[in-house]
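Please view the sequence and the structure first; the description follows.

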Amino acid sequence: YYVVKVAGGGFLGNGESGMSPNTGLMQIYSQTTGRLEALLLDEGLLTEIRTAAAGALASSLLAPLDHLTCIGIIGTSIQARWQLRLLSSITPCRTVRVYGRNTTRIQEFVSEMTAEGWDVTVSATIEELVRESELVHTVTSAREALVKSEWVTKPMHFTCVGADAPGKQEMDVELIARADLLVTDARVQTGERGEFQHALSVGRIKMESIVEMGELVGNEALHRNNNKEKDDDRLTIFDTSGVAVQDVQITRMVYEALTKANTPSRLSS
């Protein structure tokens with residue numbers, strides 16, 4: 001198959017009506033005939049899930065899971081919720097600190113995630129959250145650094161989701177420069193629109209020092225705690241801005257599951 005994705009986002013007023021700020025659909029075509037096989041009117045859900053899956057995969061390989069006592073979530077969006085949900089598949093830790101700027105959205109996040117089994121505490125500052133956590137997922141639309149280098153004083157991992165356009169930024173350039181391992185879903189893309197764009201533009205890091213996700217998965221030497229005989233004291237950072245292969249794969253998985261179930265929503269040829 002090949003997939004055409006139609007996506008829209010940023011409709012923040014939708015929340016007042018209980019709707020997602022995102023919209024869209026997936027069009028699935030046969031590579032053999034070129035025929036439209038199906039439309040998945042997912043309203044952006046599959047993008048939410050595949051983004052969170054990438055974050056969970058990176059954290060499963062790089063977070064200090066052996067001594068994880070607290071997960072930090074910066075942001076209170078729908079994607080922040082999905083990031084946390086999928087972390088349940090990689091760690092038994094359910095202690096969470098969250099930071100957000102909107103009191104109402106913070107309360108909604110706490111209520112929903114508590115109902116799903118998480119022990120959520122609201123942090124008054126991002127510094128407090130970072131100092132109390134060993135694994136932090138940043139999920140904001142910020143355009144200036146939120147996380148400062150001087151706050152990070154122990155081995156930990158960051159998964160950065162928010163920087164998906166030119167100019168966006170969540171992490172201090174100096175924090176990125178001192179990291180022991182930088183990972184992204186696509187080198188070229190992180191230079192254009194990802195979290196590492198700023199550090200690259202001012203020469204604090206080099207493109208060749210960044211590892212792509214596929215390389216990380218295939219190289220166990222890069223995984224945290226691969227050597228059980230000594231502590232892994234690295235600072236690691238994963239930047240994801242999303243790549244097309246993620247959309248293709250999650251769409252294929254859903255379509256094949258629907259086909260196998262012989263669901264009546266499948267389009268006839």
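## A surface patch and its strand

Tyr 2, Val 4 and Val 6 make a nonpolar surface patch of about 230 Å². Patches are made of residues with over 30% relative accessible area and no salt bridge, with like charges joined within 9 Å and nonpolar side chains (Val, Leu, Ile, Met, Phe, Trp, Tyr) within 5 Å. Accessible areas come from the Shrake-Rupley method with a 1.4 Å probe, and for residues only the protein chains shown count as cover. Val 4 belongs to strand β1, residues 2-8, and is partly exposed at a relative accessible area of 33%. Buried means under 20% relative accessible area, exposed over 50%, and partly exposed in between.

The model is predicted: local features need pLDDT of at least 70 and side-chain atom pairs count only at pLDDT 80 or more, while totals for chains, interfaces and linings use all residues. Residues are numbered from 1 along each chain as its sequence is written, and side-chain values use heavy atoms, with hydrogens and water left out.

## The open sheet

Three strands form an open, antiparallel sheet in the order β1-β2-β3. Strands are DSSP runs (E, at least two residues), as are helices (H or I, at least four), numbered from the N terminus; two strands pair if DSSP finds at least two bridges between them. Because β1 and β3 (36-40) stand at the edges with a single partner strand each, one side of each has no neighbour in the sheet.

Strand β2 (residues 23-29) is joined to β3 by four bridges, and Met 26 has Leu 40 in β3 as its bridge partner. Helix α9 (residues 244-260) lies across β1, β2 and β3, at about 100° to β3. Contact means heavy atoms within 4.5 Å; axes are lines fitted to C-alpha atoms, for helices over the stretch in contact, and angles run from 0 to 180 degrees between N-to-C directions.

## Salt bridges

A salt bridge is a side-chain nitrogen of Lys or Arg within 4 Å of a carboxyl oxygen of Asp or Glu. By this rule the count is 14. One of them pairs Asp 164 with Lys 168 at 2.8 Å, N to O; Asp 164 is partly exposed at 35%, whereas Lys 168 counts as buried at 15%.

Another joins Glu 174 and Arg 204 at 2.7 Å, N to O. This pair links distant parts of the chain, 30 residues apart: Glu 174 in helix α5 (residues 173-178) and Arg 204 in the loop between α7 and β12.

Note on methods
Buried < 20%, exposed > 50% of the residue type's maximum accessible area, 1.4 Å probe, protein only.
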